There are 2 protein chains.
Amino acid sequence: MSTRLTTSEGYAELIAKYDTFMFDCDGVLWRGTDVIDGIIDVLNYLRSHNKSILFVTNNASSSRRYYKSKFDKLGIQASVDEIFGSAYASAVYISSVLKIPKDQKVYVIGMEGLEQELAEEGIQYEGGTDPADNTLAPFSLTTFTHPTPPIAAVLCGLDVAINYTKISKALQYLLHNPDCHFLATNEDSTYPASGGILPGAGAISATLRYALKRDPVSIGKPNSTMLDCIRAKHDFDPARTIMIGDRLDTDILFGKSGGVSTLLVMTGVTKESDITGPNASPVVPGYIVQSLGDLAVLANPA
Amino acid sequence: MSTRLTTSEGYAELIAKYDTFMFDCDGVLWRGTDVIDGIIDVLNYLRSHNKSILFVTNNASSSRRYYKSKFDKLGIQASVDEIFGSAYASAVYISSVLKIPKDQKVYVIGMEGLEQELAEEGIQYEGGTDPADNTLAPFSLTTFTHPTPPIAAVLCGLDVAINYTKISKALQYLLHNPDCHFLATNEDSTYPASGGILPGAGAISATLRYALKRDPVSIGKPNSTMLDCIRAKHDFDPARTIMIGDRLDTDILFGKSGGVSTLLVMTGVTKESDITGPNASPVVPGYIVQSLGDLAVLANPA
């Protein structure tokens, strides 16, 4: 059973219990380009009380560097070292865990940020933002050839330029080479944007998942690969750490699987019917607040 | 246990048993634009023996009329009345079963043939080949508005111009209006093209299926809607009818569910390991031939 917090006393007790605060971003700190009310005060309050702050996002369309510039634009203090994205975690996974040969490439269904993170890890790739693969022109196998050496992995993230050529090429690589890894940066079904909900990275990789009848290895939340990636850079005591997010099946499950506490906010994609009633999710957060911004009352007592 | 036929005696006995021959097309009669050897002789042989011939295809990118022109180009005799496509069956389903109000539109993820069949049934639609929705430009909810009256159904078929705008709009319609029907022309995961295998209609609708965590109502094979559609136009005795196809999970399952006999050909997407060995499909065809074209030996005895 979750504890619902609605009072400053409750918020203060919560904050006293933890040293490390891991935040999901979309739907928690902002929606699209709109910062949620009170968020800046809350983060400043945590920093002034010497809390460690980490941003843990499945957003794979931005590199950490680009993501940092988003924080800057929105007026939220953050450093690149505090930001863990699924694009970064995917690049680390490919270079450190899969250790694919240096002369083999990754085929990318994804955006510039994902390419940046791969490049920083020294991973060769194709697809992504290459104009040749960003087209609605018909795709034909008669002019398609497999590269030598073969593609070592298909990595699929959110790609708002998704098209039939990319899906078809990725399918060829995965069908042709049984050793080709099928990876997803994350499997979020949707994400909260300004004005509503849009298809997430999981909806993009679903094309290949369905065509192949095979599931990708997913790197982002809720999978532990992301937490391994954080642990390699930051010491934290799970008993004194809380994961704050808007999604039960990614953020909250991620926290629970990683043995840290969890706080659900209702400013993202989770609806009241997802946590109560007959269709409630089996994933139960430790705490629930309406908005993380509500904790700003601590920074600005009446 | 399937009966494998490899001799002219076997082929002749098979043909004597049936009056109505239902054919899948891609992977059975042709691959892409290549007619499979012997097919024309086999079809002519059946016609000369007064067999009824029906072409039952999940291909939803072509209207029956356009499909007829493909038969013509490939030199295969066919009439529009003999052709049943999932685009046609979808249009009939929307007009005759769903009976959506005349002033409400269908949002189409699909190609020209699907639009043609909808138009012939007097169904209003948007999306499809509309240039406004065939773009790789970013999609934003801030400039998106819901039409009045709302979209009555999202119909998803194979769309080689699939893109994020179409997926996002379809998602909005389905999220916004709980009465909006979610339909798929068919759910083929892939289809056999010249030179290999490409993502099918099921891989396209998989995006929405994943984003919504909801399955579409699928019209094409293996579902009975397609058979109902054929029955409304043609009398056939199921005991004297055989369905010939290259896919276990569509063609063969369709035949078995409809109570007709089934013949699997190996010229399409099914591999030997799909019918024998530890990973064999639970869907077992009545008969197997390597190629439908092998039956041409009857037309051209040595």
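Analyst: An axis is a line fitted to C-alpha atoms, for helices over the stretch in contact, and an angle runs from 0 to 180 degrees between N-to-C directions. Helices (H or I, at least four residues) and strands (E, at least two) are DSSP runs numbered from the N terminus. This is a predicted model, in which local features need pLDDT of at least 70 and side-chain atom pairs count only at pLDDT 80 or more, while totals for chains, interfaces and linings use all residues. Residues are numbered from 1 along each chain as its sequence is written, chains are lettered from A and ligands numbered from 1 in the order in which they are written, and side-chain values use heavy atoms, with hydrogens and water left out.

On the chain A side, the contact (heavy atoms within 4.5 Å) involves A:Gly202, A:Ala203, A:Ala206, A:Thr207, A:Arg209, A:Tyr210 and A:Ala211. These residues of α7(A) meet B:Gly202, B:Ala203, B:Ala206, B:Thr207, B:Arg209, B:Tyr210 and B:Ala211 in α7(B). Sorted by class, the residues of this contact are eight nonpolar, four polar and two charged (Ala, Val, Leu, Ile, Met, Phe, Trp, Tyr, Cys and Pro are nonpolar, Asp, Glu, Lys and Arg charged, and the others, Gly among them, polar).

Now stay with α7 of chain B, residues 201-212, and turn to its packing with α6 of chain B, residues 164-176, where the angle is about 45° and the axes are 10 Å apart. The helices α6(B) and α7(B) are therefore oblique to each other. From α6(B) come B:Ile167, B:Ala170, B:Leu171, B:Leu174 and B:Leu175, and these meet B:Thr207, B:Leu208, B:Ala211 and B:Leu212 of α7(B). In the contact of α6(B) with α7(B), eight residues are nonpolar, one is polar and none is charged.

Helix α4 of chain B, residues 86-98, and helix α8 of chain B, residues 224-231, have axes that come within 10 Å and cross at roughly 85°. The class count for α4(B) with α8(B) is six nonpolar, two polar and no charged residues.

Finally, some loops of chain A deserve attention for their backbone. The loop between β13 (217-218) and α8 (224-231) of chain A holds A:Pro222, which is joined to A:Lys221 by a cis peptide bond with omega about 10°. The peptide bond from A:Thr148 to A:Pro149 is also cis, with omega near -10°, and A:Pro149 sits in the loop between β8 (125-127) and β9 (153-156) of chain A. In the loop between α2 (39-48) and β5 (52-57) of chain A lies A:Asn50, which has a positive phi of about 60° although A:Asn50 is not a glycine.

Definitions and conventions: Angles under 35 degrees count as roughly parallel, over 145 as roughly antiparallel, 65 to 115 as roughly perpendicular and the rest as oblique.
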